[in-house]
Amino acid sequence: MRTAHRTCPICDAICGLRLTLDDDGKVTSVVGDRDDPLSKGYLCPKGANLGRLDEDPDRLRTPMVRRGEDWVEVGWPEALAEVDRGLRAALDDHGRDSVAVYFGNPTYHTMAGFMYRQPLSQALGSRNIYSVATIDQMPKHVACGLMSGDPFAVAVPDLDRTDHLLILGANPVVSNGSLCVAPNFPGRLKALRRRGGKLTVVDPRRTRTAELADEHVFVRPGTDVVLLFGLVHTLFAEDLTSVELEVGGLAEVRALAAEFPPSLVERVTGVPAATVSRLARELAAARTAAVYARIGTCAVEFGTLTQWLVDVLNVLTGNFDRPGGVLFTRTAAAEIFRTGVAYEQGRWRSRVRGLPERMGELPVATLADEIETPGEGRVRALITIAGNPALSAPNGPRLGEALRRLDFMVCVDPYLNETTRHADVILPPPRILETPHFDFLEQSIAVRNYTRYSPVVLPLGEGRLSEAEILAHLVLIVSGHGPDTPPAALDEQIIGSLLTAATQLPSSPLAGQDPAAVRADLEGDSAPEVLLDLLLRFGPYDLTLAGLRENPSGIDLGPLRPRLPELLCTSTGRLELAPAELVADVERLRSRLVVTPPEFVLIGRRNLRSNNSWLHNVGRLRGGSNRCTLQVHPADVERLGLGAEAVLTSAAGKLTVPVEPDETIMPGVVSLPHGWGPPGPGRRVAAGQAGVNANALTDDAVIDELSGNAVFNGVPVTITAAPGPR
Ligand SMILES: Nc1nc2c(c(=O)[nH]1)N[C@H]1C(S)=C(S)[C@@H](COP(=O)(O)OP(=O)(O)OC[C@H]3O[C@@H](n4cnc5c(=O)[nH]c(N)nc54)[C@H](O)[C@@H]3O)O[C@H]1N2
Ligand SMILES: Nc1nc2c(c(=O)[nH]1)N[C@H]1C(S)=C(S)[C@@H](COP(=O)(O)OP(=O)(O)OC[C@H]3O[C@@H](n4cnc5c(=O)[nH]c(N)nc54)[C@H](O)[C@@H]3O)O[C@H]1N2
Ligand code: SF4
Ligand SMILES: [Mo]
């Protein structure tokens, strides 16, 4: 028996875990690590089942190559040679843009994803770079980029100190938070109330988070932008603003908000006018307050405007970059990416729909167009890394069909699933416990400055490739070095370029040092670990990888402190409240206000015992409330005469779904979770309770135009009773 410390890699809460393993390396128990200064022993049912997830017999262990309809297990050299042939054929015959790449959600957690994402995108040289960002948080990045110049400067609510928290479109009691790393989010919300603070939740469902709150406000899906404009309106109208930063665009924001009096807000959002004004007054009156909004306000038609107004409110109430309000994390090992180079957007456009690039990416909502539409620059080959877009992208079934038409597809994924079934080659990463772990990105949006590193628990067997090595080979293949070149030189090049930056930047703790000497000092069992050692030394806390190894439960680096001036990189040198692009998009909003709202709209939801599409194969996590049902208000069930099943129709598709009458949801709104659907051939447990693909209904033709983000919430649908017993 032995104990291992491990950060849970599943969701954004990055809980510290303690695993017990028997002599065969099998996980016999998982508990929360009480010594972790951030998660303090918390874990959820998913983390508790990490061993079962990791030991899933359906997880692929060797590369798979598809021959016709059959899958054949092959060795790594053969698989990489196949990838080289497939990608080279596209690149040589049809040019760089003919190969696309899609980075999925787990690439935000893996060290390999962090290290090789940029090198792979750069080496590919294609404009067809896609990621989960445009089906998730891109609106936030764009709003931050336009306001502060740094799209990564995402302020997090100071959960543990705030006196007043207004949450819109997030259900952290279930999701454990996102773009706000706060393990035991529910406990932190309870603590807020215990210390006399107020929690208000705006959501079309009375969620578990809403139940824990002082107040729950129902809102019509997709209309938060108008609600927030109403709050801004009241702050100005009643002279309640207290701006404590030097900002630009105040007068413009005031003029825009003047168009949104509470009476109009009530008509559009369903929130009573008196409530709108009161929410604003409460925000202004609180000693400190934070507005926090997530996926229910991002994956909507006006996602970017909504994210913008969230921070406008934080600024207007004097809570931006202030303890108790919203603050920026100072991370142990990712400060080097605060480049000080001002955000630019729209540097190129997609071929078919002419959609502008954001942060070097095109919208996932147009990937199917780029594969299907003939012509110069058509996408013929695709690399996916840790993604399942056939289930997670808008109009997923259309994308799934498009994947079948590719000349070549390679997936880096541990499962044969709904997406990877269309691949020619699947390259499986090793198990979680065979992989070192460090959350570069998640640690940069935590509610306290904190760091923790998890070394490999189980050795990687002879002849196996780490995920880092797999991705390095892909970089080498797309840059024409073939399948057999060892990654060492590439790794040195990546580390070397950061080393140069780290020794040249005047503000760096390594400034002026000899790069070769610094390099000689670096340690690590793998390239990403060496990179980590470098970034820790470059970071603000005088840390090293060896120091992190000595603290396996993680290190508390103190509460968040104001730091906006260091991050700002607008051309004016101040925070801009009314960037032209955002102001221009208000016109699109105006034109929507006169459109009659649909009778029914669809929203999403999450379940505590699931995570997007990839945990359904763990038997212990299935069943109970973790089901793919359509929640409908009982009054609507009655009015529509619905029985056990309903037929849902949208502009994109049609689904027959089991109906779950649910009085916590607003009439006129129905909810269906994503990540379900007829499972790929390789997940036997998941096949037992498949569910439907919610993204058969979401429309890839509709996006948040400013960010290119997909729209998953507020999707117009019609509902009829399915034939069968009532
Ligand atoms: N258990 C579990 N945890 C997860 C995940 C998971 O799948 N399962 N996924 C992880 C990922 S990738 C992410 S991004 C995060 C997401 O974390 P959250 O943003 O907290 O996600 P949800 O739980 O879906 O909560 C979104 C809420 O928005 C509401 N909503 C829908 N439309 C609207 C609207 O128009 N306006 C408002 N105000 N509310 C609306 C929904 O009713 C729902 O309660 O969760 C992460 N954590
Ligand atoms: N309708 C609707 N659709 C949505 C959402 C919604 O709220 N409603 N939410 C959106 C959001 S917020 C997100 S984040 C996306 C998720 O979209 P995706 O990232 O495309 O999908 P996931 O289901 O997270 O798939 C993760 C994949 O990574 C694999 N994987 C797991 N661990 C590893 C690893 O260590 N290495 C590698 N290489 N692979 C690994 C899994 O097997 C799985 O295939 O879905 C989006 N889609
Ligand atoms: S809350 Fe998230 S990080 Fe924590 S144990 Fe659960 S899945 Fe893992
Ligand atoms: Mo997400």
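Visitor: Which residue is the bridge partner of Arg2 in β2?

Guide: Leu21 in β2 is the bridge partner of Arg2. Before we continue, please note that this is a predicted model, in which local features need pLDDT of at least 70, side-chain atom pairs count only at pLDDT 80 or more, and totals for chains, interfaces and linings use all residues. Residues are numbered from 1 along each chain as its sequence is written, chains are lettered from A and ligands numbered from 1 in the order in which they are written, and side-chain values use heavy atoms, with hydrogens and water left out.

Visitor: How do you know that β1 and strand β2 (residues 16-21) are joined?

Guide: Two strands pair if DSSP finds at least two bridges between them. Six bridges join β1 to β2, and the two run antiparallel. The strands themselves are DSSP runs (E, at least two residues), as helices are runs of H or I with at least four residues, and both are numbered from the N terminus.

Visitor: What makes β1 (2-7) and β3 (27-32) edge strands?

Guide: The open sheet has three strands in the order β1-β2-β3, with antiparallel pairing. β1 and β3 each have a single partner strand, so one side of each is left without a neighbour in the sheet. From one strand to the next, the twist averages 25°.

Visitor: Why are helix α9 and helix α11 called roughly antiparallel?

Guide: The axes of α9 (residues 224-237) and α11 (residues 262-269) cross at roughly 165° and come within 9 Å. Axes are lines fitted to C-alpha atoms, for helices over the stretch in contact, and angles run from 0 to 180 degrees between N-to-C directions. Angles under 35 degrees count as roughly parallel, over 145 as roughly antiparallel, 65 to 115 as roughly perpendicular and the rest as oblique. The two helices are therefore roughly antiparallel to each other.

Visitor: Which residues of α9 and α11 meet?

Guide: Val226, Leu227, Gly230, His233 and Thr234 in α9 meet Pro262, Val265, Val268 and Thr269 in α11. The residues of this contact comprise five nonpolar, four polar and no charged. Here Ala, Val, Leu, Ile, Met, Phe, Trp, Tyr, Cys and Pro count as nonpolar, Asp, Glu, Lys and Arg as charged, and the others, Gly among them, as polar.

Visitor: Why does Gly303 count as buried?

Guide: Buried means under 20% relative accessible area, exposed over 50%, and partly exposed in between (1.4 Å probe, protein chains only). Gly303 has 0% relative accessibility and therefore counts as buried. This residue is found in helix α14 (residues 303-316). Not counting residues up to four places away in sequence, Gly303 touches Pro139, Thr297, Cys298 and Asp704, where contact means heavy atoms within 4.5 Å.

Visitor: What makes strand β10 (residues 198-202) mostly covered?

Guide: Four of the five residues of β10 are buried. Strand β9 (residues 164-168) pairs with β10 in the parallel sense over five bridges, and His164 stands opposite Lys198. β10 also pairs in the parallel sense with strand β11 (residues 215-217), over three bridges. Thr200 has Glu215 in β11 as its bridge partner.

Visitor: Which strands form the closed barrel?

Guide: The closed barrel of six strands runs β23-β27-β24-β26-β25-β30, with mixed pairing. Neighbouring strands of this sheet are turned by 45° against each other on average, direction ignored.

Visitor: How do you know that β25 pairs with β26 and with β30?

Guide: Strand β25 (residues 645-649) and strand β26 (residues 654-661) pair in the antiparallel sense over five bridges, and a hairpin joins β25 to β26 through four residues. In β26, Val657 is the bridge partner of Ala646. β25 and strand β30 (residues 715-721) pair in the antiparallel sense over four bridges, with Thr649 opposite Thr718.

Visitor: How many bridges join strand β24 (residues 630-632) to β27?

Guide: Two bridges join β24 to β27, and these strands run antiparallel. Val632 has Val670 in β27 as its bridge partner.
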